[in-house]
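I opened a notebook page for this one and went through chains, helices, contacts and backbone angles in turn. The entries follow the order in which I looked things up.

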Amino acid sequence: MANLKVNGTEVEVQSDSTTPLLWVLREELGLTGTKYGCGVAQCGACTVHIDGKAVRACVFPVNAVQPGQEVTTIEGLSENGDHPVQQAWAELDVPQCGYCQPGMIMASAALLNDKPKPTDADINTGITNICRCGTLQRVRKGVHRAAELAYNAGGETS
Amino acid sequence: MTNKLLDLSRRKFVIGSATGSAGLSLGFGLATRNSHAAHHADGAKTEVDAWVLIAPDDTVTIRIVRSEMGQGTLTGLAQMVADELDADWSKVTTEQPTPGQNVARDRVWGSFSTGGSQGIRASQQYVREGGATARALLIEAAANEWGVPASECTASESVITHKPSGRKTTYGKVAAKAAALPPPMDVKLKDPKDWKLIGAPVKRIDTTHDKITGKQIFGADVQLDGMLNAAVKACPVNGGKLVSYDQSKVSNMPGVRAVVKVDDTAVAVVAETWWQAKTALDALPITWDKGEHAKASSSEYEAIIDAGLTADEAFVGNEAGDAEKALAGASKTVEAVYGYPFQNHAPMEPMNATAVWTEDKCEVWCPTQNGEAALGACIAASGLDAANCDVHKINLGGGFGRRGNSDYVEQVVAIAKQLPGTPIKLLWSREEDMLHGMYHPYTKARVVGGLDDDGKLVGMHLRISGQSIIAGLFPQALRGGGDQLQFQGLNAPGQEHPISYTIPNLKVDHAMRNSHLRPGFWRGVNVNQNCVYMECFMDELAHAAGRDALEFREELMKDNQKALAVLKAAADGAGWGTKTKPGSGRGLAVFSAFGSFVAACAEVTVSNGELEIDRIVAATDPGYAVNPQQIEAQVEGSFVYGLSAMLYSECTFENGEIQETNFHNYQSLRLAKMPEVETIVMPSGGFWGGVGEPTISVAAPAVLNAIFNATGKRIRQLPIDGIDLSA
């Protein structure tokens, strides 16, 4: 059985090795924050991080996670729900139904890992998740706000 | 049902875990959890009246029965109760009674149905009375304790003050005594000028924390002890049947526990995990009888709709003067045909429900827009008495009208009934969701308008042809064979969904042409296409008359000042009348929908045939605006839904089967195409309008009119993606 490092904890995975990471997270590890929306890597509701990069877990077989790689889900993004993206999301009241939001937040956090001061164009290409409630405008504002919050926090400590 | 299971279902869901922190338990009662308010000990709350419970620590629990699916109704309803209650908002939390409890208490909470943008407007009176009644009881209890007249006491922020003496107490301290008092015969509601929470742009009370940390439990996340997972396939052609399946091919696959016939049309695989169930279902050989619609195609159906556009017989929805005569005598006539295809709701969370069935009880946990209808489905499918059935509503991962139907509840109960005592969670794949929707019907419209020598509109005939939702869902509600709901936004003045304009000679009629697909209420329902038909045509008329599109409309809106006000606000906000940059153009649309007045002005740029929607200014007059920032969120979201339909989405069928199976061929608007939306909330007071749906109507026509303004090209058939805009 494969070992997986999820949110900082090593776990032994029992699921069939070709099972998509999404279903291992949800059904074996009980991490239901990561959502199923399409199963074909279109909607992004299943977005998690592998070594800080956004991955669509619904089409990512669990055996494709390499030894030593770190899987982060929405539950592990921050200890107290206070990652800059989460802070910005709370401040701007971004979610509506909330189902796509773990994916949106993980995609946004990954974008900020890559581009700490993203432009609108960076957001357009970096976040392609679907939200049917239509939170997109606030998602854009949220990403910019999160960049500010992260910059300010960095400024204080440096 | 065992006590253990009952106890589990009532108190918590257990999330099984192999991470070492095994048996992680989430406290999750019937009540909606939210972390907005301090948690309080269960059982310590006192029910002051049906809507308000108060704990000794002054936590106020407000009961909400309309479903929260993202539209913010939970927060808005709580604001209304809390305002009349004069409660401390920071200590307000909510819970959702079950439909079974509603039945047991003689429907004390009224309708659970959540659709038609009615959450606020249809329940505002009795929920405000619920808050006001509790307030009166609490004050009376305090006054009794002090031996003073209640009229000398006031309440604010959950604190009661005896004005002459300055004595104070809190709601929590007198709640038990208040609950024992007889309720007042009538209570006076606040004058709107005294509202503190109604009208305040407070944050949603269901967002903080759970929705941004992944902790919010949706139906798809429900986990019960000993639960198995089911994946289902119904006959891909609506009206067809399940003939046979060969379970021997999959029964040895990992985790598979059962293969069951759900009903005449569907088969399900039950397994330890959903992924195992789905994998086995995909491998299951199934024979279908595709039935009488096995050859049905969209092109064939479209020809039927086209014929309806000029058919002799049609049901008249709105008529004034003599349109035929006026058109015959007009100095200039304009004619156009528009089309708005089938749409799927496609909420992000696919259909799902969880059920436990035993010989003497059936319980369901599900996201639903209509708890009582879900309960009805549970009763019917379980074969048990109503008193032994109940439904626990779970917050919805989107609804948009789809979850007003309970087909997935019937399915899960039918499966659970074959595995007595075992909790079954049924989750549809996205493909199942796309193939078995309750579709926004396909309609087309042929509109003919007549202008006189001065460019004034003298007559109009707007003929709609296509499928009726009411004929599919509630045929008993048809009147004289006609569907009056078809005319939303085109009705005579004074009705719900009135027409925006006074047109001297007008005929609006509908030739019903139904397909084999199941129709449904899709966010916005019939205002979506009717606004395209009316507002794009208004633009065509203004152009033919050589007049400004705003001024042309204004002349016809003298009797409809509220609609005109939102139209002007949107136009002014977008700089209507000022010059646009080369390649750009602006377009307008206005509509009356779900009790509100909405308008939009879109600005687009077309360069090298590529459409860029630069900016949209949208105005809404909902009468009273309970939460302006949530109205803004609904308006912003309405453009995503409405523009997705305009740009990309269309459900078609070949050999009776829907061809669009997932988001790769049923696209939805993404950030790259999301325009900047500026929302003007302009409540004029005196009425209660809805906000979840109205603005969808103006999204497409405002943009289509802007495209014409920019390019001179009329687009009359949705979706528009792939149409060459450069020519």
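Helices here are DSSP runs of H or I with at least four residues, numbered from the N terminus. The model is a predicted one.

**Entry: helix α2 of chain B**

I went first to α2(B) and the residue after it. D86(B) follows α2(B) and has a positive phi, near 55°. I noted beside this that most residues other than glycine have a negative phi. I then checked the length of the helix. α2(B) covers residues 73-85, and at 1.5 Å a residue its 13 residues should span 18 Å; the end C-alpha atoms are 18 Å apart, so the two agree.

**Entry: chain B overall**

I counted 18 helices and 29 strands in chain B. The C-alpha trace spans about 80 × 80 × 50 Å along its principal axes. For the radius of gyration I compared chain B with a compact globule of 727 residues, which would have a value near 27 Å; chain B has 27 Å, which agrees. Buried residues are 58% of the 727 in chain B. Of the contacts in chain B with a separation of 6 or more, 78% are between residues 24 or more positions apart.

**Entry: α14 and α18 of chain B**

Helix α14 (residues 527-544) and helix α18 (residues 696-711) of chain B pack at about 30°, and their axes are 8 Å apart. How do the two helices run relative to each other, with angles under 35 degrees counted as roughly parallel? α14(B) and α18(B) are therefore roughly parallel. Their crossing is right-handed. On the α14(B) side I listed V527(B), N528(B), C531(B), V532(B), E535(B), C536(B) and D539(B) as making the contact. On the α18(B) side the list is I696(B), S697(B), V698(B), A700(B), P701(B), L704(B), N705(B) and F708(B). I wrote the general point next to these lists: an α-helix has 3.6 residues a turn, so residues three or four places apart point the same way.

I took N528(B) first, which is in helix α14 of chain B. N528(B) counts as buried because 30 C-beta neighbours lie inside 10 Å, the cut-off being 20 or more. Setting aside neighbours within four places in sequence, I found N528(B) in contact with Y340(B), G642(B), A645(B), I696(B) and S697(B). N528(B) and D49(B) are 479 residues apart in sequence, and their C-alpha atoms are 40 Å apart in space.

F537(B) also lies in helix α14 of chain B. With 22 C-beta neighbours inside 10 Å, F537(B) counts as buried. I looked up its contacts beyond four places in sequence and found A336(B), V447(B) and G449(B). A336(B) is 201 residues from F537(B) in sequence and 7.3 Å from it in space, C-alpha to C-alpha.

**Entry: the contact between the chains**

How many residues does each chain give to the contact? I read 52 from chain A and 56 from chain B. On the side of chain A that touches chain B, at least two residues each come from β2 (9-12), α1 (21-28), α2 (84-92), α3 (101-114), α4 (120-126) and α5 (136-157) of chain A. α5(A) gives the most to that side, with 5 residues.

I then looked at K215(B), in the loop between α6 (210-213) and β10 (228-234) of chain B. K215(B) is partly exposed, with 18 other C-beta atoms within 10 Å. Apart from neighbours within four places in sequence, K215(B) is in contact with G33(A), H209(B) and D210(B).

**Entry: other backbone angles**

I noted two alanines. A41(A) has a positive phi, near 60°, and is in the loop between α1 and β3 (47-50) of chain A. A41(A) counts as partly exposed, with 18 C-beta neighbours inside 10 Å. A346(B) has a positive phi near 45° and lies in the loop between β16 (332-340) and β17 (352-358) of chain B. Is A346(B) buried or exposed? With 28 other C-beta atoms within 10 Å, A346(B) is buried.

The last item was a peptide bond. The bond from L718(B) to P719(B) is cis, with omega near -10°. P719(B) lies in the segment after α18 of chain B.

Technical notes. Residues are numbered from 1 along each chain as its sequence is written. Chains are lettered from A and ligands numbered from 1 in the order in which they are written. This is a predicted model: local features need pLDDT of at least 70, side-chain atom pairs count only at pLDDT 80 or more; totals for chains, interfaces and linings use all residues. The radius of gyration is taken over C-alpha atoms; the globule rule is 2.2 Å times the number of residues to the power 0.38. A residue is buried if 20 or more other C-beta atoms lie within 10 Å of its own, exposed if 12 or fewer, and partly exposed in between; C-beta atoms are placed from the backbone. Two residues are in contact if their C-beta atoms, placed from the backbone, lie within 7 Å. The expected span of a helix is 1.5 Å times one less than its number of residues. Axes are lines fitted to C-alpha atoms, for helices over the stretch in contact, and angles run from 0 to 180 degrees between N-to-C directions. Angles under 35 degrees count as roughly parallel, over 145 as roughly antiparallel, 65 to 115 as roughly perpendicular and the rest as oblique. A crossing is left-handed if the near helix is turned anticlockwise from the far one by less than a right angle, and right-handed if clockwise.
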